[in-house]
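Subject: Structure handover and findings

Dear colleague,

Please find below the structure for your files.

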Amino acid sequence: MGIFTSDSDRITRNYFDSLLIETRYIDSAVPDSSLELFGETFRTPIMTAALSHLDGTAPNGMCTYAKGAEIAGALHWVGMGSPAELERIIDTGAKTVKIVKPMEDEDAIFMELEHAEKAGCFAVGMDIDHAFSSDGKHDNVMGIPMKPVTADALKKYIASVKLPFIIKGVTSPIDAIKAKSVGAAGLVVSHHHGMVGYSVPPLMVLPEIVKATGGSIPIFADCGFESGMDIYKALALGAKAVSVGRFLMPFLHEGPDAVATQIQKMDAELRGVMARTGVKDLSSFDPSVIHHTNF
Ligand SMILES: Cc1cc2nc3c(=O)[nH]c(=O)nc-3n(C[C@H](O)[C@H](O)[C@H](O)COP(=O)(O)O)c2cc1C
């Protein structure tokens with residue numbers, strides 16, 4: 001089990017493993033896994049997840065993580081952290097998505113969004129699932145009070161920046177439709193490593209969310225990804241790209257090259273499966289390649 005410890009992690013892993021893949025060799029070709037997103041090209045659809053507070057995991061962990069993404073040509077995501085830390089992350093050269101917390105203090109939200117834009121972030125967003133603590137009260141994250149977001153509040157946050165705004169922490173078509181209607185540029189299907197117990201696995205709800213949003217905005221996924229095979233399954237089921245967080249953390253103390261190597265290994269495995277299933281690029285995935293089992 002190791003780094004994946006919640007009941008939602010276990011259920012998510014079981015769901016990944018219940019999805020089987022058929023091969024399609026005839027007319028297949030060497031695939032291209034480069035990602036086009038919001039006008040930029042990345043070498044891989046494998047992104048880092050919006051982590052935070054990694055300096056206890058490895059010295060300068062947040063910048064090591066970012067530099068690893070940059071070396072791999074991957075889009076980097078970052079969560080909670082100071083403006084100065086965000087600037088150091090951007091200085092690594094990593095194209096970065098800043099995820100802001102649903103803080104009670106709305107001025108602080110607007111300030112963080114404005115700073116992210118000025119600092120040169122690629123996109124911004126919010127992890128809407130960090131509003132409540134497990135006893136149903138408003139959460140408090142490291143001394144900072146949170147509060148649930150309303151559709152009207154999201155509209156204001158989205159209107160306050162020119163950057164694409166991504167809503168993270170969606171596991172229902174209902175939230176997905178609301179997020180799209182307030183102007184989200186994308187969604188992350190995520191249970192935030194088990195924020196709620198017995199969460200639906202992201203890949204189980206992903207096709208419904210893709211359908212509910214009509215393919216009009218990119219849908220990303222995270223939670224429990226640890227191989228190119230896992231990533232293949234998400235892309236086949238409609239994800240535009242996928243984030244990997246905890247799986248990369250043990251490599252942080254070895255430096256950015258080790259982080260990049262893990263992303264590259266997963267990308268190579270992804271391309272291997274794409275080749276053997278007749279998928280020539282990221283726009284050519286076919287969900288019918290996936291077989292759902294319950295054995
Ligand atoms: C140490 C750590 C810090 C995190 N900090 C944040 C954060 O600040 N903002 C956020 O949106 N998600 C945060 N997350 C959640 C991740 O972005 C991600 O949703 C979750 O870890 C599931 O992906 P994984 O299984 O690949 O780790 C954090 C996760 C970890 C492990």
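The notes below take up the ligand, the nonpolar cores, the cysteines and several individual residues in turn.

This is a predicted model, in which local features need pLDDT of at least 70 and side-chain atom pairs count only at pLDDT 80 or more, while totals for chains, interfaces and linings use all residues. Residues are numbered from 1 along each chain as its sequence is written, and side-chain values use heavy atoms, with hydrogens and water left out.

The ligand

The ligand is surrounded by 20 residues, a residue being counted as near when one of its heavy atoms lies within 4 Å of the molecule. The closest of them are Ala50, Ser52, Gly224, Gly245 and Arg246. Several polar contacts can be listed, the term meaning a pair of N or O atoms within 3.5 Å; within protein, one atom must be able to donate a hydrogen and the other to accept it, and residues adjacent in sequence count only if both atoms are side-chain atoms. The side chain of Asp222 has an N or O atom 2.8 Å from an oxygen atom of the ligand. A polar backbone atom of Gly224 is 2.7 Å from a ligand oxygen, and a polar side-chain atom of Arg246 also lies 2.7 Å from an oxygen atom of the ligand. Taken alone, the ligand exposes 610 Å², of which the protein buries 91%; accessible areas come from the Shrake-Rupley method with a 1.4 Å probe, and for residues only the protein chains shown count as cover.

The nonpolar cores

In soluble globular proteins, nonpolar side chains tend to be buried together. A nonpolar core is here a set of buried Ala, Val, Leu, Ile, Met, Phe, Trp, Tyr and Cys residues joined through side-chain atoms within 4.5 Å. Buried means under 20% relative accessible area, exposed over 50%, and partly exposed in between (1.4 Å probe, protein chains only). The largest nonpolar core has 80 residues, and those touching the most other members are Phe165, Ile167, Leu187, Phe225, Ile231 and Tyr232. Helix α9 (residues 256-276) gives the most to this core, with seven residues. Helices (H or I, at least four residues) and strands (E, at least two) are DSSP runs, numbered from the N terminus.

Beyond its neighbours within four places in sequence, Tyr232 is in contact (heavy atoms within 4.5 Å) with residues including Ile21, Leu270, Val273, Met274 and Phe285.

The cysteines

A disulfide is a pair of cysteine sulfur atoms within 2.5 Å, and by this rule the count is zero. Cys63 is in no disulfide, the nearest cysteine sulfur being that of Cys121, 13 Å away. That separation is too far for a bond. Cys63 is buried, at 11% relative accessibility, and Cys121 is buried too, at 6%.

Residues in helices

Asp230 is placed in helix α8 (residues 228-236) and is buried, with a relative accessible area of 3%. A polar atom of the Asp230 side chain lies 3.0 Å from the backbone nitrogen of Glu226. Leaving aside neighbours within four places in sequence, Asp230 is in contact with Arg13, Phe16, Leu203, Gly224 and Phe225. Among these, Gly224 is also one of the residues closest to the ligand.

Helix α4 (residues 106-119) holds His115, which is buried at 19% relative accessible area. With neighbours within four places in sequence set aside, its contacts are Pro83, Leu86 and Glu87. Glu112 is also in helix α4, and counts as partly exposed at 24%. By the same exclusion of sequence neighbours within four places, Glu112 is in contact with Lys98, Val100 and Met103.

Two loop residues

His193 lies in the loop between β11 (186-189) and α7 (202-212), and Tyr198 is placed in the loop between β11 and α7. His193 has a positive phi, near 45°, in a residue other than glycine; Tyr198 has a positive phi of about 50° although it is not a glycine. His193 is partly exposed, with a relative accessible area of 45%, whereas Tyr198 is exposed, at 59%.

With kind regards
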